[in-house]
Amino acid sequence: MDPKPTSAARTSLSHIMTAVDTNLLGTVHGGVIMKLVDDVAGAVAQRHSGGPAVTAAMDGMTFLQPVRVGDLVHAHAQVNWAGRSSMEVGVRVLAEPWDRAGVAPTRVATAYLVFVAVDDQGQPRAIPPVLPETPEDERRLREAEIRRHHRLTRRDEILASRTANPL
Ligand SMILES: CC(C)(COP(=O)(O)OP(=O)(O)OC[C@H]1O[C@@H](n2cnc3c(N)ncnc32)[C@H](O)[C@@H]1OP(=O)(O)O)[C@@H](O)C(=O)NCCC(=O)NCCS
């Protein structure tokens, strides 16, 4: 399968936060940001893999700053790494006032999600490799490989521990 450049699937989603998005503290609920992140990452995964893709894991979700009512929130996403059927999508979330131009957006969250491309039986299917286009893309690819190694090692170690210590 021919590699696809990173820019081919990269996309963004934006949302103005209102009173329905808040938690009991009055700031925006983390789950609202997570939904936006999953939505934009899903669009990227579908675009890269050319068909259905499901969320297999979401990790490294870091909330850096609170988000408030009246913030215009942008989630930017791209494929960082692609394997046989799975891909890591990185998402950067920025916020700026919805009604004022010229205010530099603040980074409010970052997330890494694993999507698996599936066929019509829900079974993993092959996807194209990703072709990094910039030094930044190369860095993301290298770091995604480190995260994948840690994810799979952690999963294998936990399964081995359960096998060794049955309830
Ligand atoms: C994701 C899913 C299709 C994977 O099926 P599976 O039988 O475990 O598939 P495999 O073991 O062959 O793994 C397929 C790929 O996913 C990767 N993968 C699976 N689970 C993973 C995890 N938790 N973390 C990282 N990678 C994972 C594997 O490493 C493999 O990658 P590769 O093909 O690029 O080498 C299956 O678990 C599933 O359908 N999950 C539910 C997804 C869903 O409904 N999401 C929405 C939630 S509302």
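How many bridges join strand 5 to strand 6? The answer is 10, and these two strands run antiparallel. You are looking at a predicted model, in which local features need pLDDT of at least 70, side-chain atom pairs count only at pLDDT 80 or more, and totals for chains, interfaces and linings use all residues. Residues are numbered from 1 along each chain as its sequence is written. Helices (H or I, at least four residues) and strands (E, at least two) are DSSP runs, numbered from the N terminus.

- An open sheet of 5 strands has the order 2-4-5-6-3, and its pairing is antiparallel; strands pair if DSSP finds at least two bridges between them.
- At the edges stand strand 2 and strand 3, each with a single partner strand, so one side of each has no neighbour in the sheet.
- From one strand to the next, the twist averages 25°; axes are lines fitted to C-alpha atoms, for helices over the stretch in contact, and angles run from 0 to 180 degrees between N-to-C directions.

**Strand by strand**

- Strand 2 (residues 11–16) pairs with strand 4 in the antiparallel sense over 6 bridges.
- Two places to look on strand 4 are Ala-77, which stands opposite Thr-11, and Leu-72, which stands opposite Ile-16.
- Strand 4 also pairs with strand 5, again in the antiparallel sense, over 11 bridges, and a hairpin of 3 residues joins the two.
- Follow Ala-95 in strand 5: Ala-95 is the bridge partner of Val-73, and its bridge partner in strand 6 is Thr-106.
- Strand 3 and strand 6 run antiparallel and are joined by 8 bridges; here Asp-59 has Tyr-112 in strand 6 as its bridge partner.

**What is covered**

- Why is strand 4 (residues 71–82) largely enclosed by the rest of the structure? Because 9 of its 12 residues are buried, where buried means that 20 or more other C-beta atoms lie within 10 Å of a residue's own (exposed is 12 or fewer, partly exposed is in between, and C-beta atoms are placed from the backbone).
- Strand 6 is mostly covered, with 9 of its 12 residues buried.
- Helix 3 lies across strand 3, strand 4, strand 5 and strand 6, and runs at about 80° to strand 4.

**A closer look at Val-91**

- You can find Val-91 in strand 5 (residues 86–97).
- Val-91 counts as buried because it has 28 C-beta neighbours inside 10 Å.
- Leaving out residues up to four places away in sequence, Val-91 touches several residues, including Val-37, Val-40, Ala-77 and Leu-113; contact means that the C-beta atoms, placed from the backbone, lie within 7 Å.
- Val-91 and Ala-109 are 18 residues apart along the chain, and their C-alpha atoms are separated by 8.3 Å.

**Around the ligand**

- There are 15 residues around the ligand, and Ala-56, Gly-83, Arg-84, Ser-85 and Ser-86 come nearest; a residue is near a molecule or strand if its C-beta atom, placed from the backbone, lies within 6 Å of it.
- Strand 3 (53–63), strand 6 (106–117) and helix 3 (135–164) are the elements that give two or more residues to this shell.
- Strand 3 gives the most, with 4 residues.
- By class, the shell has 7 nonpolar, 5 polar and 3 charged residues; Ala, Val, Leu, Ile, Met, Phe, Trp, Tyr, Cys and Pro count as nonpolar, Asp, Glu, Lys and Arg as charged, and the others, Gly among them, as polar.

Notes
Contact = placed C-beta atoms within 7 Å.
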